[in-house]
Amino acid sequence: MSIHELSLKGFRSIRQLRLELEPLNVVVGPNGCGKSNLYKAVRLLHEAACGRLSAALAEEGGIQKAMWAGGPRRGDRKSEPKRMVLAARLADYDYELQLGYPEPSLSLFSLDPLVKEETLWLAGQGRRPSAQVLERRNQSAFLTSVDGVRTTYPLGLQAEESVFGQLSEPHLYPEVSQVRETLRRWRFYHEFAVWPGSPPRAPQVGIRSPVLAHDGGNLAAAFQTIVEIGDVELLRSVLVDAFPDSRFQVEALHGRFQMLMQRDGILRPLEAAELSDGTLRFLCLAVGLLSPRPPAFMALNEPENSLHPDLLPALARLIAEAGRHSQLWVTSHSPRLAELIARHRPLRRFTLAQRDGETVLADED
């Protein structure tokens, strides 16, 4: 279930943006233009479905720090209402989540968000009330049941979390449940744990892992899973492009897996603890993108970080190959990476800029 359009409002430097997406999307722009803010805003939809909306906003410093803090645009007489709006138009559904500040109270929990509205419509019907399968206002919600009947959700809702994160007996609300599972399966890779002593550098108990962990902690097991049940020829071909003088394999001792690299001219294999940060990061990208269980949507935030420029062609090919099976969202500092990807596969390129503290598309007036 791909994303056809994203509409974001009121998150950090994003006053208002609407983006129509293609199967492969690359977001570029200078430092400080809001690329990471855009990535985080999209990720909030995933976190809401996982029941981590409040925790994810806490990582941003709380709702007060995550909310748009700018003034009105030039020519506007007043600021817009203080709401954050996250919306996605999917193939079959149209979803919108509106967040605001918590109500004044004696509670010390003043950084939690307050879900003001949450709505799910059937796609292609213009957001008419008759097309709603979920309608929430504050802590009351109406859902369309398995019988097609609009019913009041019988359980109390936490004000700071999405209905998706609190859905009980999902089989009674199949359409809502379907969208929740779609959002939960989105995959995000931002920062791999490549520092000394991190999990990818140490032997780990190996279990079959068709999905790479968000931090790359199960790298060796996920690599071996591709070797046994995935497209191992493509994996090896991409790694030869990136490291023509090296070969990679997994060593298993007493059930513990670790990555090894055999390099021309070196008599013994190098263990994961000895690999450079860039090498380990590229391995994580390759294993994550070539997952035997590809998601409908995958997002990468600045994948070229800590990679030598000579690795960009191999990275571009890797991203293009992954785009055959998943809709991709890539934010990057590197216009060259976008150009290299485009040599393999058509893409939608968004160039961001910042004007008066606001993230905008560079070609906006």
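Start by selecting strands E4 and E5: they form a hairpin with two residues between them. Strands (E, at least two residues) and helices (H or I, at least four) are DSSP runs, numbered from the N terminus. You are looking at a predicted model, where local features need pLDDT of at least 70, side-chain atom pairs count only at pLDDT 80 or more, and totals for chains, interfaces and linings use all residues. Residues are numbered from 1 along each chain as its sequence is written, and side-chain values use heavy atoms, leaving out hydrogens and water.

Show residues 84-90 for E4; six bridges join this strand to E5, and the two run antiparallel. Strands count as paired if DSSP finds at least two bridges between them. Click Ala87 to find its bridge partner in E5, Glu96.

Stay on Glu96 and cross to E6, where its bridge partner is Thr119. E6 covers residues 114-122 and pairs with E5 in the antiparallel sense over eight bridges.

Now colour E5 (residues 93-100) by accessibility. Eight of its eight residues are buried, so the strand is largely enclosed by the rest of the structure; buried means under 20% relative accessible area with a 1.4 Å probe, protein chains only. Tyr93, Tyr95, Leu97 and Leu99 point one way, while Asp94, Glu96, Gln98 and Gly100 point the other.

Last stop: helices H5 (residues 219-229) and H6 (residues 232-242), packed at about 125 degrees with axes 7 Å apart. Select Phe223, Ile226 and Val227 in H5, which meet Val232, Leu235, Arg236 and Leu239 in H6 (contact: heavy atoms within 4.5 Å).

Technical notes
Axes fitted to C-alpha atoms, helices over the stretch in contact; angles between N-to-C directions. Buried < 20%, exposed > 50% of the residue type's maximum accessible area, 1.4 Å probe, protein only.
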